[in-house]
Each structure stands twice: as C-alpha cells, then as structure tokens.
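Here are my notes on this model, point by point. Please read them with the structure open.

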Amino acid sequence: MAVQQQPTQVVTVMTSGQSPGTWSTGLCDCCSDVGSCCCGYWCFPCMQCQTAGDFGWCCCMPLLDVCCVVSCILRSSIRERHNIAGSCCDDCCKLLWCYPCVWCQMNRELKIRRNHGGTHTSVVTTQVISA
C-alpha cells in the first residue's frame with residue numbers, strides 16, 4: 001500500500017490588537033508624540049524613511065514620492081492593514097493640504113501599533129479534500 005501526501009492549504013490570519021475603525025491619534029495631534037513631530041520638523045525625509053521602513057517597505061520609497069503617489073499608497077496600505085476607515089480620496093485630500101501632518105500621523109500610528117502588540121499572526125493549516 002502506497003502512502004500519498006494529501007494536499008494542504010496554509011492560511012495566514014492577521015488580527016490587530018488595536019481597536020479597528022479609527023486612527024489612534026488625530027491628524028494634528030503632535031503633542032501625543034513630540035519626538036515624532038520633532039523628527040518630522042527637523043529631518044522630515046528621515047522620518048518618512050523610518051515610517052516606510054517600519055511598515056515593511058524599502059526605506060527609500062518616500063524619496064520617490066512624486067505628486068504624493070507613494071504617500072497615498074502607504075496611507076491606504078496602513079489603513080487596510082489595521083482596518084482603519086477612510087478612502088483614497090480622503091487620503092489624497094489630506095496629503096494635499098497637510099502633507100507633513102499626515103506623515104507624522106502615519107509615523108505615530110505605526111509606532112503605537114508596534115508598541116501595543118501591533119498585529120498578531122496565526123498560521124492555520126487545513127487539509128483540502130477533493131471529491
């Protein structure tokens with residue numbers, strides 16, 4: 001009798017420790033993390049690169065931010081990963097009117113999510129049964 005390897009399917013489930021739906025800090029909430037805002041004020045490109053790196057992107061991506069495209073995609077990706085309400089149009093408008101504030105908010109959000117447990121990942125293996 002031959003032993004046959006059954007096909008399996010691996011599913012990665014990610015859950016957030018932070019409550020979904022809203023940003024942890026407001027757009028102009030610099031007093032909640034003065035360090036991030038000071039870094040953004042005195043060395044904005046450094047803060048941008050740190051934020052992209054903290055999200056798992058290449059830290060040089062913000063340096064390629066022509067017409068806020070990279071910023072919009074990063075903000076949208078942060079919202080999607082952490083289940084934060086919003087839209088691409090909302091992200092673009094905020095970036096257009098208050099670019100540094102948006103970057104500081106994204107930096108604070110990633111820092112808060114990382115420090116408070118962030119995202120927990122579980123790997124679930126299921127067996128695929130074919131009829």
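1. In which hand, left or right, does H3 pass H4? The crossing is left-handed. Bear in mind that this is a predicted model. Helix H3 spans residues 69-81 and helix H4 residues 88-115. Their axes come within 9 Å and cross at roughly 60°.

2. Next, who makes that contact. H3 contributes Ser71, Cys72, Leu74, Arg75, Ser76, Ile78 and Arg79. From H4 come, among them, Cys88, Asp91, Leu95, Tyr99, Trp103, Met106 and Leu110. By type, the residues of the H3 contact with H4 divide into 11 nonpolar, 3 polar and 5 charged.

3. Helix H1 covers residues 34-42, and its buried residues are Ser36, Cys37 and Gly40. Seen down the H1 axis, these buried residues fall within an arc of 95°, so they line one face of the helix. They pack against H4 and against helix H2 (44-55). Tyr41 and Trp42, on the other side of H1, are exposed.

4. Now the cysteines. The count comes to 1 disulfide. Cys43 and Cys46 form it, with their sulfur atoms 2.4 Å apart. Both ends are partly exposed: Cys43 at 30% relative accessibility, Cys46 at 43%.

5. Cys67 counts as exposed, at 72% relative accessibility.

6. Is Cys101 buried or exposed? Cys101 counts as buried because its relative accessibility is 18%, and buried means under 20%.

Notes:
Residues are numbered from 1 along each chain as its sequence is written. This is a predicted model: local features need pLDDT of at least 70, side-chain atom pairs count only at pLDDT 80 or more; totals for chains, interfaces and linings use all residues. Side-chain values use heavy atoms; hydrogens and water are left out. Axes are lines fitted to C-alpha atoms, for helices over the stretch in contact, and angles run from 0 to 180 degrees between N-to-C directions. Helices (H or I, at least four residues) and strands (E, at least two) are DSSP runs, numbered from the N terminus. A crossing is left-handed if the near helix is turned anticlockwise from the far one by less than a right angle, and right-handed if clockwise. Contact means heavy atoms within 4.5 Å. Ala, Val, Leu, Ile, Met, Phe, Trp, Tyr, Cys and Pro count as nonpolar, Asp, Glu, Lys and Arg as charged, and the others, Gly among them, as polar. Buried means under 20% relative accessible area, exposed over 50%, partly exposed in between (1.4 Å probe, protein chains only). The arc is that of the directions from the helix axis to the C-beta atoms. A disulfide is a pair of cysteine sulfur atoms within 2.5 Å.
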